[in-house]
Amino acid sequence: MAERAPFNVLDPAAAGDAQRRGSDPRELDRCMEQMLSYIYASLPNYPLYLGQQFHAAGAGPDRADRISRLPRDLRRDIVSRLPVKDAARTAVLSWRWRTLWLSTPLVLVDAHLLPKGQDFPPTYSTNSQPITAAVSSILEAHPGPFSCVHLICSRMDSYRPQLARWLQLFAAKGVHDLVLVNRPLPLDLPLPATVFTITTLTRLYLGLWKLPGTAALRGASFPHLRELGLLFVQMEPGDVDYLVARSPVLEILNILGCVKGLRLRLVSQSLRVRIGDAPKLHAFGYLKPDQVLEIRDTIIMPGIKATTTSMLTSVKILSLTVRFGVRNDVKMLPTLLRCFPKLDRLHIMSKRCDKPTGNLSAKFWEESGPIENVVSRITVMSLREYTGEPGEVGFLEFFFQSARVLKTAIIVTANPIHTPFLKDVAFNKASKSSRNMASKSCKKCFVGSTGPEGGQVLDFKTGAEFSIPDPFCVFEVLTRF
């Protein structure tokens, strides 16, 4: 009998296929345990104190109970930092502690409810019935709100009614930090849509679930959500886009182990961008210089020296939104460009600003030094919403004088109906900036915009069409100059 090749633990689809074709149960268990270990390592910390010093510090040499004399708010803070069993037990200390647990926002980590002698993490075969029963009792007894709830030890497939009730309680009583991990199998257990109605969430991590259909996601509302983690979650194209679009203050998005692969078109004004290993990331945008960009473990800041760990060599197309009247935006540009050394196409959307801080001329770009991808790689460059302001012209002069292999340059003016400027003057400035071009074969186009104020926004239909080679190269009318 031929030996089956081991499957990749970071590919949940392969694990599901292995289960269906009857793989060795021991190999399947090993895969599940390893998958869970990846998930546990990726989860956020919870705000609990797990040491022993607190118990010894409660009494002085005379055995007097000094902690009970602390102000009520301080005692509530102490209770909120204890594991749930210890927090509930404080009610028997004295009359001063009796009502504190019920009046303190609940912190519940089900790993602290494991049977005595059972270490964390529980094994794949651990009986989760006692844990599930304890969680149900605690959530029913506590009036809320729930500050932090991590439920990671239950086989949710066996306790679907309990899960539905928990989510109802979260929505009714309010929860801020929620981690919900299903212990496999199955890998495609449907996540109840109720979770997307919990409007109090500030952090949400989901592990080993199948997201509901887009109809449920359209009803999602996360007005306070700042961090979202999807770990080995089965989802359809567009699901993450919906979630991000309905999370207006989202800053952090973590995704690990996608069942069907991942294609994203995210629209967010608040999202901080952290990119680890993304060897197939081809097009990236729109990125704003004032957004926080973290590549692997390096936060990209103006003037930082580019290294192999702070570069994304797979990106061929980059789109930026730049306020040329804001000095810090422009100072960030050379650094950003050096982070994408293999760029073939660069698109820049020029944005107006209410309070300009000064334009940087071509001299700034000269002092910044040569940028390798501008000199020897970029073949297409576009500048949209151009009005001829000094910062824009300074950038064009630098770019045209540096780009040796540039084949196409497209400049799109703003619509004068919405943005007052002298079109002829802007045209002349663009022409003068291209007099000393490094590339003698470059074709230049001047584009008059008839679009809305601020430029035509990339629409969802275009963004979701991955057959389009360059989703950012969409213009109204081209006029050669």
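## A tour of rings and charges

Start by selecting F324, F364, W365, F395, F398 and F399, which ring pairs link into a cluster. Rings of Phe, Tyr and Trp (its six-membered ring) pair if their centres lie within 6.5 Å; planes under 30 degrees apart count as stacked, over 60 as edge-to-face and the rest as tilted. Before going on, know that this is a predicted model: local features need pLDDT of at least 70, side-chain atom pairs count only at pLDDT 80 or more, and totals for chains, interfaces and linings use all residues. Residues are numbered from 1 along each chain as its sequence is written, and side-chain values use heavy atoms, with hydrogens and water left out.

**Stop 1: the rings**

The whole structure has 9 aromatic pairs. Zoom in on F364 and W365, an edge-to-face pair with 5.3 Å centre to centre and 75° between the planes. Helices (H or I, at least four residues) and strands (E, at least two) are DSSP runs, numbered from the N terminus.

W365 is buried at 1%, F398 is buried at 8%, and F364 is buried at 16%.

**Stop 2: a strand residue**

Next, click on H347 in strand β12 (residues 345-350). H347 is buried, with a relative accessible area of 1%. Leaving aside residues up to four places away in sequence, H347 touches several others, including L318, V380 and D470; contact means heavy atoms within 4.5 Å.

**Stop 3: the charges**

Side chains of opposite charge can pair when their charged atoms come close. Here a salt bridge is a side-chain nitrogen of Lys or Arg within 4 Å of a carboxyl oxygen of Asp or Glu, and the structure holds 8 of them.

Select E389 and R352, whose side chains meet at 3.0 Å, N to O. E389 is in the loop between β13 (380-386) and α14, and R352 in the loop between β12 and α12, so this bridge ties together parts 37 residues apart in sequence. E389 is buried at 17%, whereas R352 is partly exposed at 36%.

Technical notes: Buried < 20%, exposed > 50% of the residue type's maximum accessible area, 1.4 Å probe, protein only.
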